[in-house]
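Okay, thanks everyone, let's get going.

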Amino acid sequence: NVAVNGQPTGPFDLNVLKQMVTTGQFTTESLVWKAGMTEWQKAGTIGELKEILANAMPPIPIEN
């Protein structure tokens, strides 16, 4: 499950999460939870998600 705008969504399989990475909907800062976890954690701290997130395009810097 992934928290989106403070609400739990999912569950998602890894292929869907990969697509969400490409659209910027899923980042290292996204909160995730799955059965067996005691609390929500940032996706970047989860071993099985690090590979997916490592290939994510960084956000475009906002110029002022």
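So, the largest nonpolar core here has 12 residues: Val 2, Leu 17, Met 20, Val 21, Phe 26, Val 32, Met 37, Ala 43, Ile 46, Leu 49, Ile 52 and Leu 53. Two elements give two or more residues to this core, helix H1 (14-22) and helix H2 (47-54). By nonpolar core I mean buried Ala, Val, Leu, Ile, Met, Phe, Trp, Tyr and Cys residues joined through side-chain atoms within 4.5 Å. Buried is under 20% relative accessible area, with a 1.4 Å probe and protein chains only.

Quick caveats: this is a predicted model, where local features need pLDDT of at least 70 and side-chain atom pairs count only at pLDDT 80 or more, while totals for chains, interfaces and linings use all residues. Numbering runs from 1 along each chain as its sequence is written, and side-chain values use heavy atoms, with hydrogens and water left out.

Now, what does Val 2 touch, leaving out residues up to four places away in sequence? The partners are Gln 7, Pro 8, Thr 9, Phe 12, Leu 17, Phe 26, Ser 30, Leu 31, Val 32 and Trp 40, with contact meaning heavy atoms within 4.5 Å.

Zooming out, the chain has 2 helices and 4 strands, in the order β-β-α-β-β-α along the sequence. Those are DSSP runs, H or I of at least four residues for helices and E of at least two for strands, numbered from the N terminus. Of the 64 residues, 20% are buried. The C-alpha atoms fill a box of roughly 40 × 25 × 20 Å along the principal axes.

How values were computed
Buried means under 20% relative accessible area, exposed over 50%, partly exposed in between (1.4 Å probe, protein chains only).
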